[in-house]
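Here are a few exercises to work through with the model open beside you. Try each task before you read its solution.

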Amino acid sequence: MSLQGKRILLVIGGGIAAYKCLDLIRRLRERGARVRVVMTRAAQEFVTPLSVSALAGERAHNDLFDPASEFDVGHIRLARETDLVVVAPATADLMAKMAQGVANDLATTVLLATDKKILLAPAMNPQMWAHPATRRNHARLISDGCLFVGPNAGEMAEAGEAGLGRMAEPLEIAAAIEDALSAEPERTALQGRRLLVTSGPTLEPIDPVRFLSNRSSGRQGHAVAYAAARAGADVILVSGPVAISDPIGVRTTHVETAREMLTAAEAALPVDAAVCVAAVADWRADHQASEKLKKQKGKPPALALVENPDVLARIAHHARRPKLVVGFAAETENLIENAREKLARKGCDWIVANDVSAETGVLGGLANQIHLVTRKGVEAWPLQSKEVVAGVLVKRIADALKAGVNA
Ligand code: CTP
């Protein structure tokens with residue numbers, strides 16, 4: 001599932017949580033959405049229109065009486081030419097104005113003029129959230145058909161304040177947006193299914209301070225796990241050490257080595273489908289020194305390596321083999337040929353082949369150029385973000401499981 005082609009109008013209110021909107025815009029664009037932004041005057045005290053515009057890829061709209069803005073878009077078009085309106089942070093003030101139908105600036109005018117669903121991510125001091133006036137406004141907005149995500153409990157920006165009032169995290173808001181926009185069949189495409197996903201690199205110790213590893217970020221694997229969970233699956237993600245957070249709605253097991261990854265992956269069986277995205281280190285040190293290896297003059301230590309277990313191949317040949325086993329392969333040459341050979345050698349059903357040759361700009365980038373290699377043939381997918389690739393792949397998995405085919 002993704003937000004490919006969806007239009008989001010983001011209304012940024014004036015609260016300290018406005019800084020999280022910069023990340024939210026990035027997350028929405030990664031998922032393929034077009035984001036237009038309206039900022040209240042107070043919002044501009046917290047984040048600059050310049051940074052918001054740079055991330056959104058188009059100018060932020062701030063003023064109801066800005067002739068340039070009214071000329072090129074206009075508040076009615078802003079309100080209507082969108083699939084969803086998101087208010088984040090939804091301050092106590094914005095909620096009160098919306099509940100009353102006040103329209104005295106661009107943000108509130110657009111909120112009153114829209115004919116689309118509105119999703120609010122409230123953020124305020126816990127006392128303000130608990131105040132009877134805010135309780136009334138919240139109830140009124142719900143009965144008016146507004147959707148809400150958060151607020152969460154936790155530490156507030158003000159020192160020593162804690163309680164309900166923290167704005168939901170950008171990933172939670174993105175998930176709520178996907179829910180609000182997705183059709184029922186998309187939300188339930190993998191309902192009742194169990195999926196195993198491996199992600200990230202593995203880390204193979206040499207001694208207590210040194211290790212062998214690789215540069216995998218885990219972004220693609222985590223995106224697949226997240227997309228599967230959004231489609232209703234029970235997802236077990238086995239992740240090597242990564243710098244990104246655990247996807248929401250997914251059970252994540254953290255491992256370091258290939259052998260730990262294999263144990264955790266096998267423990268997750270039985271599953272309906274396994275998607276092995278992890279960049280498992282092919283080798284580990286034959287002997288892990290219990291003490292730090294010391295330099296010896298003119299004699300660098302010889303590092304003897306042994307091969308690691310192949311998680312994908314083991315799952316594909318397991319007594320409790322999932323109905324569908326999917327591998328990934330990053331190749332710099334002979335993409336299809338190598339992918340076909342890997343599919344046969346590892347015994348999996350599909351290989352998601354990733355062209356990482358220098359000219360694609362994929363390596364270290366946000367997008368992936370995919371060929372889906374099955375036993376039947378090869379499909380070329382357009383260059384798209386890792387989140388979109390995840391959404392498309394999850395849809396294919398859902399269709400295959402439903403049809404009972406794995407070719
Ligand atoms: N894989 C795995 N365990 C390993 C090695 C690879 O589960 N020890 C999985 C990866 O998660 C991926 C697929 O196998 O889904 C292909 O990984 P890749 O590194 O391309 O395959 P290798 O067998 O290592 O082949 P190469 O000779 O190209 O390195």
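**Exercise 1. Work out how many residues of domain 1 are in contact with residues of domain 2, and which helix gives the most to that side.**

Start with the count: 7 residues of domain 1 are in contact with 6 residues of domain 2, contact being C-beta atoms, placed from the backbone, that lie within 7 Å. On the domain 1 side, helix α9 (residues 170-181) gives the most, with 4 residues. Helices here are DSSP runs (H or I, at least four residues), strands are runs of E (at least two), and both are numbered from the N terminus. Sort that side by class and you get 2 nonpolar, 1 polar and 4 charged residues. Charged covers Asp, Glu, Lys and Arg; nonpolar covers Ala, Val, Leu, Ile, Met, Phe, Trp, Tyr, Cys and Pro; the others, Gly among them, are polar.

Before going on, note that this is a predicted model: local features need pLDDT of at least 70, side-chain atom pairs count only at pLDDT 80 or more, and totals for chains, interfaces and linings use all residues. Residue numbers run from 1 along each chain as its sequence is written.

**Exercise 2. Find where Pro151 and Pro270 lie.**

Pro151 sits in the loop between β5 (147-148) and β6 (152-155). Its peptide bond from Gly150 is cis, with omega near 5°. Pro270 is in the loop between α12 (258-268) and β13 (273-276), and a cis peptide bond, omega about 5°, joins Leu269 to Pro270.

Note on methods:
Two residues are in contact if their C-beta atoms, placed from the backbone, lie within 7 Å.
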